[in-house]
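The answers set a value against its cut-off.

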Amino acid sequence: MRTKTLKKNKINVVTLGCSKNVYDSEVLMGQLKANNKEVVHEEEGNIVVINTCGFIANAKEESVNTILEYVQKKEEGAVDKVFVTGCLSERYKPDLEEEIPDVDQYFGTTELPGLLKALGADYKHELIGERLTTTPKNYAYLKIAEGCDRPCSFCAIPLMRGKHKSTPIEELVVEAEKLAAEGVKELILIAQDLTYYGLDLYKERKLADLLRALVKVEGIEWIRLHYAFPTGFPMDVLEVMKQEPKVCNYIDIPLQHISDAILKSMRRGTTKAKTTKLIEDFRAAVPEMAIRTTLIVGYPGETQEDFETLRDWVKEIRFERLGCFTYSHEENTHAFNLEDDVPEEVKMERANEIMEIQSQISWELNQQKIGQEFRVVIDRKEGNYFIGRTEFDSPDVDNEVLIDASKFYLKTGEYANIKVYEAEDFDLYAEPV
């Protein structure tokens, strides 16, 4: 008589969406490992957990397609179980359960203990900062807050992530120390809104205090700020940036638009004049700072005149880094009550026009770097090049520095001093000095 051999489960975590999801997957994996579970990230496993994104149409489509792909694998017997978590299932759980019933279970963004239980694991409260990082070993994301209290009309994040909730400074320091002990040298601070950090816990904005605590962590060499909301930005952060060499001269501040009419409809709580002054203040305080922003074109009611205001402003401000997205009409947001009246092809034309202007600006700014020396971190080797980044660049979204690997040897994860000899729109070519 044949007995069925007990096969050891291997849990494969698949991550879609933004860096905040990457962080959540890493926390999940850390919990599973602490429960002695075998866990991998985006490799083969007989149990699959898909951490979904539900932010805009494209992201939702990718999430649904990924779920369907693994459900198909389950039907074919290639995987045994499929679980879905993250923003898409937080936002559309009843619809998903009805449309894709073959998923074993759906979980929302705050249901980690329930998900762990379904995977045969216990939620361990004592695991502060225990994560299995999935990024290259030299950098990691540090999520300093969850959720958002802003009323932006186009954004579904509060529906999926709830109200703003800051993580206490001492917990973040412990997490940073554990990351540093694992060899992480760069912390990328993320939240839906860094600007708001501390208001709920300490009754005042505490981003500057958090930075002062994090720079003391031994082994951390760079600290980078992502996703700061422009309204109410704590200007004491700029003082810390100026004083502390570990805090990168870099900020990601999504501005979305600049036409007063559109800003008002978007419920951004600011104006063109205030935003322009904020950027001027940033540059006056930290002249060498690289400012990254993101913009949305094709928002309901955006006229040609509104777009031209935005376009001309982009030319005038000359952001060091910029991304542009087309508006996505999201149900249950305030803007969903407005007519999505800008045709798709017009949205695309406008986005392309902004990005063309930005490529020219980026090319001109990069030409000024020829002959200059910079400290870079080497993220990886690709083909014949070592690929590095300066403090003015974030992974995956910003400029890269290419160093010829047939002539020079550099260690990935380490820092090096380089001199730029050639520059393109978004790439610099350099050699070690």
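Q: How much space lies in the second largest pocket?
A: This is a predicted model. In it, the second largest pocket holds about 1,100 Å³ of space. Of its 40 lining residues, the closest to the centre are Tyr23, Asp24, Val27, Leu112 and Tyr123. Elements that give two or more residues to this lining include α1 (19-34), α4 (112-118) and α6 (169-181).

Q: Which element gives the most to the lining of the second largest pocket?
A: Helix α1 does, with 6 residues.

Q: How do the residues of that lining divide into nonpolar, polar and charged?
A: There are 15 nonpolar, 13 polar and 12 charged residues.

Q: What makes the pair Asp104 and Lys74 a salt bridge?
A: The cut-off is 4 Å between a side-chain nitrogen of Lys or Arg and a carboxyl oxygen of Asp or Glu. The closest N and O atoms of Asp104 and Lys74 are 3.0 Å apart, so the pair counts as a salt bridge. The partners lie 30 residues apart, with Asp104 in the loop between α3 (87-99) and β5 (105-106) and Lys74 in helix α2 (residues 57-75).

Q: Why is Asp104 called partly exposed?
A: Partly exposed is the range between the buried limit, under 20%, and the exposed limit, over 50%. Asp104 has 33% relative accessibility, so Asp104 counts as partly exposed. Lys74, at 24%, is partly exposed as well.

Q: Which residues do salt bridges with shared partners join into one network?
A: Asp24, Lys143, Glu146 and Arg161. The structure holds 35 salt bridges.

Q: Why does Asp306 have no salt bridge?
A: The nearest side chain of opposite charge, Arg350, is 7.1 Å away. A salt bridge needs a distance within 4 Å, so Asp306 has none. Asp306 is buried and sits in helix α12 (residues 304-317). The Asp306 side chain does make a polar contact with the side chain of Ser259, at 2.8 Å.

Definitions and conventions: Residues are numbered from 1 along each chain as its sequence is written. This is a predicted model: local features need pLDDT of at least 70, side-chain atom pairs count only at pLDDT 80 or more; totals for chains, interfaces and linings use all residues. Side-chain values use heavy atoms; hydrogens and water are left out. On a 1 Å grid over the protein atoms alone, a cavity is a set of points where a 1.4 Å probe fits but cannot get out, and a pocket is an open set with protein on both sides within 12 Å along at least five of seven lines; lining residues have an atom within 4 Å of a point. Grid points are joined across faces, edges and corners, and a volume is the space filled by probe spheres set on the points. Helices (H or I, at least four residues) and strands (E, at least two) are DSSP runs, numbered from the N terminus. Ala, Val, Leu, Ile, Met, Phe, Trp, Tyr, Cys and Pro count as nonpolar, Asp, Glu, Lys and Arg as charged, and the others, Gly among them, as polar. Buried means under 20% relative accessible area, exposed over 50%, partly exposed in between (1.4 Å probe, protein chains only). Lys and Arg count as positive and Asp and Glu as negative; His and the chain ends are not counted. A polar contact is a pair of N or O atoms within 3.5 Å; within protein, one must be able to donate a hydrogen and the other to accept it, and residues adjacent in sequence count only if both atoms are side-chain atoms.
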